[in-house]
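My entries follow in the order in which I looked.

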Amino acid sequence: MNDVDITGMTLEAMQTRAAALRSDIVQTPVVTLSSPMVDEVLGGARVALKLECFQHTGTFKARGALSVARQLDDDTRGRGITAASAGNHAIAAGWAAAKLGISAKVVMQDNANPFRVALARATGAEVVMKPAGQETFAEAERLVREEGRFFIHPFEGLHTSLGTAGVGLELMAQVADLDAVVVSVGGGGLISGVAAAVKAINPACRVYGVEPTGADSMSRSLASGAPVTIPEVNTIADSLGPPMALPFGHALCAVYVDDVVTVSDDAICAGMVVLQRAAKLAVEPAAGAAMAGALGPLRAQLAGRRVGVIVCGANIDTETYLGQMSRGQAALDSLLS
């Protein structure tokens, strides 16, 4: 970690980048989560939901993709961009490219949800389908090599984290006196920016990450002191499924994140149910994970506190959503009994 340069993540740099993106990015709203059921389950925590599910493309990913794309010079823009993704990043990269008039050819896993594939195509991007895993990234690498396209990484790098830092800057301005912020963790692109912003404004505010038990690469990386790749990913939260942490995101998390906890897929579904019942939000599992962390392993730490929870996205089809809600209701009933 010591040889990774994270000095570019200053408060001034984050604020400057947020200002540069402001005209194209939604300043997403914050709502208070309030119901007797929530009060009972969360031990009196006062919860503010940061609704990144209302961001362009349906997730926070638009911030990082546009932040990166905006840095490209005219020659690079002329050759176009590519991306590799199971869904949300491909959608965001296609959207960012369209915003800037850049050609986009994005590579998606062949097991990607058809709803997300359709959303990616709707941005105007050409979508190439490849088997999940290394073949998806290999195709993106081929497009870089043979077509000269610029690869927009799904979660790693200074400009990605500067973009996602806008979530934390907005939240800290929207909610006074936060004691803690809870963020879902995939590759670390979101939490790295949010944590850096939160700690720059209020070092006493705790930042907690939440990972699926079947995709816990950041937890393992922080425990080992270096980025690791896990042998297998097994979770319904495909947006949180990168099998590895990478140096820049890991280094930021090691400095600014207080703890990362894990939750089961059943708990993630229960989190989705809470968000629907108490806030009338239909979200994807990645967003349910943050709420699951607050409901479960972080409950004692958050009791009686003022807490911000990032609702990171809502790109999910109806059939999948209904199945996960049914699963979550049973899990929540068990939690409340």
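This is a predicted model: local features need pLDDT of at least 70, side-chain atom pairs count only at pLDDT 80 or more; totals for chains, interfaces and linings use all residues.

**Entry 1, the chain overall.** I began with burial and found that buried residues make up 56% of the 337 residues in the chain, where buried means under 20% relative accessible area, exposed means over 50%, and partly exposed lies in between, with a 1.4 Å probe and protein chains only. Residues are numbered from 1 along each chain as its sequence is written, and side-chain values use heavy atoms, with hydrogens and water left out.

I then looked up the secondary structure, and the chain has 15 helices and 10 strands, taken as DSSP runs numbered from the N terminus (H or I over at least four residues for helices, E over at least two for strands). The radius of gyration is 19 Å, close to the 20 Å that the globule rule gives for 337 residues, so the chain is as compact as a globular protein of that length; the radius is taken over C-alpha atoms, and the rule is 2.2 Å times the number of residues to the power 0.38. Along its principal axes the C-alpha trace spans about 60 × 45 × 40 Å.

For contacts (heavy atoms within 4.5 Å), I found that of those with a separation of 6 or more, 75% are accounted for by residues 24 or more positions apart. The chain exposes about 12,900 Å², of which carbon and sulfur atoms supply 50%; these areas come from the Shrake-Rupley method with a 1.4 Å probe, and for residues only the protein chains shown count as cover.

I searched for open space on a 1 Å grid over the protein atoms alone, where a pocket is an open set of points with protein on both sides within 12 Å along at least five of seven lines, a cavity is a set where a 1.4 Å probe fits but cannot get out, and lining residues have an atom within 4 Å of a point. Grid points are joined across faces, edges and corners, and a volume is the space filled by probe spheres set on the points.

The largest pocket has a volume of about 850 Å³, and its lining holds 42 residues, with A86, Q109, D238, G241 and P242 nearest its centre. At least two lining residues come from each of β3 (81-85), α5 (88-100), α7 (134-147) and α9. I sorted this lining by class into 19 nonpolar, 18 polar and five charged residues, counting Ala, Val, Leu, Ile, Met, Phe, Trp, Tyr, Cys and Pro as nonpolar, Asp, Glu, Lys and Arg as charged, and the others, Gly among them, as polar.

The second largest pocket, at about 250 Å³, is lined by 14 residues, and A18, R22, Q27, G166 and E170 lie nearest its centre. Here α1 (11-21) and α8 are the elements that give two or more residues, and α8 has the largest share with six.

How many cavities of 30 Å³ or more does the count give? I found one, and the largest cavity has a volume of about 60 Å³. Its lining includes F60, K61, H89, H153 and L190, and two or more residues come from each of α3 (61-69), α8 (158-174) and α9 (189-201). The most, three residues, come from α3, and by class the lining has five nonpolar, six polar and one charged.

I listed the buried residues of α10 (residues 217-224) as S217, M218, S219 and S221, and they pack against β8 (206-212), α11 (247-256) and β9 (259-263). Just after α10, G225 takes a positive phi of about 85°.

T57 has a phi near 75° and lies in the loop between β2 (46-51) and α3. Is T57 buried or exposed? At 18% relative accessibility, T57 counts as buried. K280, with a phi near 60°, sits in the loop between α12 (265-279) and α13 (285-295), and K280 is exposed at a relative accessible area of 61%.
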